[in-house]
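Welcome, and thanks for having the viewer open. Let's walk through the model together, one selection at a time.

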Amino acid sequence: MTSSMQYFAACPKGLENLLLQELQQLGATDVRETVAGVYFGGEAALLYKACLWSRLANKILLPLANFSVSDEQSLYESISAITWEDHLEVDGTFKVDFLGTNEQIRNTQFGAVRVKDAIVDRFQKHFRARPSIDKQNPDIVINARLSKGKVHISLDLSGQSLHRRGYRQSQGEAPLKENLASAILLRANWLNIAEEKGFLIDPMCGSGTLLIEGFMMAADIAPGLMRAKHQWGFTAWRQFDEPLWDSLIDDAKSRKQIGLEKVGAAGLECRGYDQDWRVINAAQNNIERAGFEQWIRVNCKRIEEFAKPTHKPMQTGLLVCNPPYGERLGEEKELEPVYFQLGSILREHFTGWQAAVITSNPNLSKQIAIRAQKRYKFWNGTLAADLICFTIDPELFYKEVNNLSSDEILLKTTSSKLTLNDLSEGAKMVCNRLLKNKKQLNKWLKKESINCYRLYDADIPEYSAAIDVYNSSDTNYAHIQEYAAPKSIDEKKAQQRFQEIVDAVTVALELDKEHIFTKQRRRNKGKQQYEKTTKTANDNRAELVVQEGQASILVNLWSYLDTGLFLDHRPVRQLIAQGSKGKSFLNLFCYTATATLHAALAGASTSVSVDMSRTYIDWARRNYENNNVDLEQHQLVQENCLMWLQECRQGFDMILLDPPSFSNSKRMDDVLDIQRDHVDLIKRCMELLNPGGTLIFSNNLRTFKLDSDALSGYQIDNITDKSLDPDFKRNRKIHHCWLIKQ
């Protein structure tokens, strides 16, 4: 690769001109802009520079051939004619990404197979050996695109998408991709502002992408520098020039060191804020992973609490943010005060600064009440958006806001929540059902002092979700678990219905959005385990404490499908508390050990709680510590319950056996199937019961049938109906429960 070659850089729509300029600055020649990409020419060094330094591209491709195809045979023959041995070792590996179809090649999988066959057959013919397919870690990736009767064949030399810098593992609900964030900062003139010793602030920073990309730009840090060598698409390519690549990496490292010293001397700071502690955790994770925590600081703060930092003079800078767009029903009205609040803050605190706001809603952007100087079109995924750039100059403020009284400003910046009139007909129907259920439960909830309860469980079949209410320290939270819609339901329709559920909860319970947690789970078919849904920087940081009887229980509404407290077992826990004083208690498959917590607080003499999960045993330990339970008197055991049962020689006065319906954990030698195995489990537990003792056996397999004949030697009392409180009477299949005695 000593001569100039032609390449193609792919990018999101709307970034083509910026990418063209970037490639020219890197030394590209023969540059030509097209839809969602730029063709350019250059030698090998330019290829590697484009991969390492492009802040805007998604992919860098090396076009090899393009040709017309009339049928699959012509595709095969044209692919066979390409000298693949120039790019791939005989014993190498490759993968084919095929896009596009026509009347002859009717699906992409068939197209990919014919391309693969042609390549393999060429090697077999000329070398009597062949490369292999590797879909996970191939040496090269071949990009085949069929469009308008022509196939374009390229090598993907960038590997995974270039927007993946390597620092972002955590993100918020609607994250900006890194290359789009860079484009926004370039359009907002951030590089010149940084050169003038300006600061960067994002009052709605989410997972911190704008801040991190902005700092990397100011410090002259190559966006590809964090990526591992194997993540590039060219390191196993036959024409890879490793010494040249290594020299470019060394140069990028030197420039980074110089850049960090420069921004340090200039006192550059990047500050971010967000009202959601979870995305602030994510941002902090990403910042630390990038190694920029010395220069980028983030804090949890609502927009109405935000103002320019005062720890040092900040005369100039860029305030940039990606506020919510108001895409769903009723949200535009709800968001108007947010945008007006942002404008008020800009006018009051940031005169002399520049500002850039991304939005797809022109009506909302008008609420900022500052005349925009420039507007740029972008595509944020499939959503068309505008980047609106402002100079914070009183001459550009809307005249009508200059004359507003303080009371009028307060009114405009006060959040306007959804009302019943804002809801769709479907959402109103769900809202009315929630209000009806709440009214029916209120008397019982007050009488029993119950703080956490199920309000709705797919009462309306079209709106299939479980909605639980958690009250903690006078703050209400809603936990919505969506049941996956049948395949016959259109995905967009299912999403619309789920959004209507969320809107209904917002109105019926008068909740802010940050107090509503949503998850999707499938109805239990006997093979579900507790699953983690997200990974936060510190899963325990903001656990809620809820009260149930004497017990203060830690719940987590965001990280797992289940919250740490099975609400349907509330009566079972009460039963255990009533009968455990002075007794020894065993809790098998204990989860977070809330049943044992009730037993201990009611005066159980000793207890043992067993679960295979380290996460849940640690959670149980925190529950104990939060309630001052003696950890020596009440033991927690991380162990396979089946193995522990076989080895146990201790007797107990009361045993709770509440196994999962099905378990095939890697830490188990065998598979647990509760329908198949319940007789053996019950008999072993009965062997451990002291005379006069009681076994409480429960499970949540909807189709479960107790083998009464095999257990005929015991006294068995089905207490399922008694174990369901009023909030679960609508769904009597939530669990089964028996008392078993000798």
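First, a rule for rings: those of Phe, Tyr and Trp (its six-membered ring) pair if their centres lie within 6.5 Å, with planes under 30 degrees apart counted as stacked, over 60 as edge-to-face and the rest as tilted. By that rule, the structure holds 25 aromatic pairs. Please keep in mind that this is a predicted model, where local features need pLDDT of at least 70 and side-chain atom pairs count only at pLDDT 80 or more, while totals for chains, interfaces and linings use all residues. Residues are numbered from 1 along each chain as its sequence is written, and side-chain values use heavy atoms, with hydrogens and water left out.

**Stop 1: two ring pairs**

Select Y591 and W619. Their ring centres are 6.5 Å apart and their planes stand at 45°, so this pair is tilted. Y591 sits in the loop between strand 22 (584–588) and helix 17 (594–601), and W619 in helix 18 (614–626), so the pair links parts 28 residues apart in sequence. Helices (H or I, at least four residues) and strands (E, at least two) are DSSP runs, numbered from the N terminus. Y591 is buried at 4% relative accessibility, and W619 is buried at 2%; buried means under 20% relative accessible area, exposed over 50%, partly exposed in between (1.4 Å probe, protein chains only).

Now select F697 and W738. Here the centres are 5.6 Å apart and the planes at 20°, so the pair is stacked. F697 belongs to strand 28 (689–699) and W738 to strand 30 (736–741), so parts 41 residues apart in sequence are tied together. Both residues are buried.

**Stop 2: a cluster and two charges over rings**

Which residues form one aromatic cluster? Highlight Y48, W232, F234, F240 and W245. Then show R255, which lies over the face of W53 at 3.9 Å from the ring centre, and K308, which lies over F350 at 5.8 Å. A charge sits over a ring if NZ of Lys or CZ of Arg is within 6 Å of the ring centre and within 35 degrees of the ring normal.

**Stop 3: F215**

Go to helix 7, where you will find F215. At 0% relative accessibility, F215 is buried. Leaving aside neighbours within four places in sequence, its contacts (heavy atoms within 4.5 Å) include L260, V263, F292 and W295.

**Stop 4: the second largest pocket**

On a 1 Å grid over the protein atoms alone, a cavity is a set of points where a 1.4 Å probe fits but cannot get out, and a pocket is an open set with protein on both sides within 12 Å along at least five of seven lines; lining residues have an atom within 4 Å of a point. Grid points are joined across faces, edges and corners, and a volume is the space filled by probe spheres set on the points.

The second largest pocket has a volume of about 740 Å³. Of its 29 lining residues, R55, L186, L191, M217 and D220 lie nearest the centre. Helix 8 gives the largest share of the lining, 6 residues.
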